[in-house]
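Notebook open, model loaded. I want to look at one helix and one interface today.

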Amino acid sequence: MEIEVIKLIIASIICWINFVVVDTYFGLPKKPGVSGAEVIGKKIEKIGGNINGGYFMGNIVCSPDASAGTLMAAIFYYAMGFEGGLIAALLIFIGNRLCNDPGYAGTIGTITATILIYLCSGFIEPQYFIAGMVIAIFTIQGFHHAYASKLLGSIAKKMGRI
Amino acid sequence: MDIVILTIGTIMVIVGLRIFLTRSRALKLPYVCCLNFCMAALIVLYIKSPMGALTAVVYFISSTISSNAIAHTIGEMKKIEKTMK
Amino acid sequence: MNVPYTLIYFYGISIISSIIIGILLKMPLKPNTNSFEGNILFPTVFVALGLTAIAEFLFGLDIILCVIIGVFSALFSKYINRIFPGVDYGN
């Protein structure tokens with residue numbers, strides 16, 4: 001039981017770092033992609049958060065970015081093995097294009113997540129990465145919006161991507 | 001009961017309750033996004049096959065497209081309300 | 001970890017053929033993260049990898065199939081802006 005909890009926590013930390021770093025590097029906090037992301041960002045700023053973190057969260061809602069890419073990589077790795085991650089990258093790219101997004105963040109996030117899951121496949125099974133990605137998205141989108149947006153804004157400022 | 005499914009189910013119940021408790025229509029969308037992640041994960045955990053994975057990705061992308069459309073509509077409505085005043 | 005070298009060989013063939021066809025089609029060299037146009041690396045390599053994985057899952061791989069996939073993925077990313085354009089929401 002304890003070893004399963006430890007695996008789950010390590011997997012969720014790996015997923016969190018992967019999708020936050022890739023999304024911040026490809027400029028999600030800089031500007032809202034569609035007008036709906038701008039509304040969500042302004043609303044989060046009104047309840048006491050950071051505007052750049054708000055844009056980040058709005059962009060995640062409005063388009064399948066590296067967060068969705070990490071989840072899809074874990075799902076396809078669980079069902080099909082390493083080749084599944086490559087198929088997931090193609091499908092996420094098509095989904096990005098349907099949502100008015102150039103698609104760099106989603107595709108490259110899927111490939112990096114597949115490589116990370118492959119490197120960890122000796123001691124963490126892929127289903128822990130599925131649950132870990134759900135925990136990671138819960139800490140961003142579902143736990144406390146103002147605090148999460150402040151954290152994302154400070155990470156974006158540290159990486160120099162605003 | 002597996003710990004993976006148990007974790008996802010617990011998160012799903014919490015997020016589902018918070019969707020009902022939130023008053024703002026724009027702030028419901030991040031919770032709905034989190035719920036979609038949980039749904040896609042549960043689909044593939046119950047149907048462990050390539051077709052289950054395909055179902056999960058099609059469900060997730062189509063739900064994201066509808067979230068995109070709803071968020072865009074909220075933004076346009078705000079613009080229309082500003083011009084009506 | 002036992003790495004299947006023949007599979008890496010086939011994936012390499014499809015990536016290299018897609019890049020060569022991309023150079024022949026005069027696609028732009030530098031990636032631009034704001035534009036919807038395809039360039040020589042971004043959608044081409046990933047489309048080639050995804051299609052090769054689908055072909056391996058459905059039929060199994062050989063050299064001719066990999067070259068055909070490379071040509072197809074280069075053509076797909078050359079005209080990506082016509083196939084999947086940016087959505088304009090009717091305004």
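This is a predicted model: local features need pLDDT of at least 70, side-chain atom pairs count only at pLDDT 80 or more; totals for chains, interfaces and linings use all residues.

Then I went back to the helix itself. I checked its length first: helix H1 of chain A covers residues 2-25, and at 1.5 Å a residue its 24 residues should span 34 Å. I get 35 Å between the end C-alpha atoms, so the two values agree.

Next, which residues of H1(A) are buried? I list A:Lys7, A:Leu8, A:Ala11, A:Ser12, A:Cys15, A:Asn18, A:Phe19, A:Val20, A:Val22, A:Asp23 and A:Thr24. A reminder to myself on spacing: an α-helix has 3.6 residues a turn, so residues three or four places apart point the same way.

I count 43 residues of chain A in contact with 41 of chain B. The two chains bury about 3600 Å² between them, and 83% of that is on carbon and sulfur atoms. I looked for salt bridges between chain A and chain B and got zero. Polar contacts come to four residue pairs, both residues at pLDDT 80 or more.

Who supplies the chain A side? H1, H2 (35-46), H3, H4, H5 (82-98) and H7 of chain A each give at least two residues. H7(A) gives the most, with 11 residues. By class, I note 32 nonpolar, nine polar and two charged residues on the side of chain A that touches chain B.

Key: Residues are numbered from 1 along each chain as its sequence is written. Chains are lettered from A and ligands numbered from 1 in the order in which they are written. Side-chain values use heavy atoms; hydrogens and water are left out. Helices (H or I, at least four residues) and strands (E, at least two) are DSSP runs, numbered from the N terminus. The expected span of a helix is 1.5 Å times one less than its number of residues. Buried means under 20% relative accessible area, exposed over 50%, partly exposed in between (1.4 Å probe, protein chains only). Contact means heavy atoms within 4.5 Å. Buried area is the accessible area (1.4 Å probe) that two parts lose on being put together, summed over both. A salt bridge is a side-chain nitrogen of Lys or Arg within 4 Å of a carboxyl oxygen of Asp or Glu. A polar contact is a pair of N or O atoms within 3.5 Å; within protein, one must be able to donate a hydrogen and the other to accept it, and residues adjacent in sequence count only if both atoms are side-chain atoms. Ala, Val, Leu, Ile, Met, Phe, Trp, Tyr, Cys and Pro count as nonpolar, Asp, Glu, Lys and Arg as charged, and the others, Gly among them, as polar.
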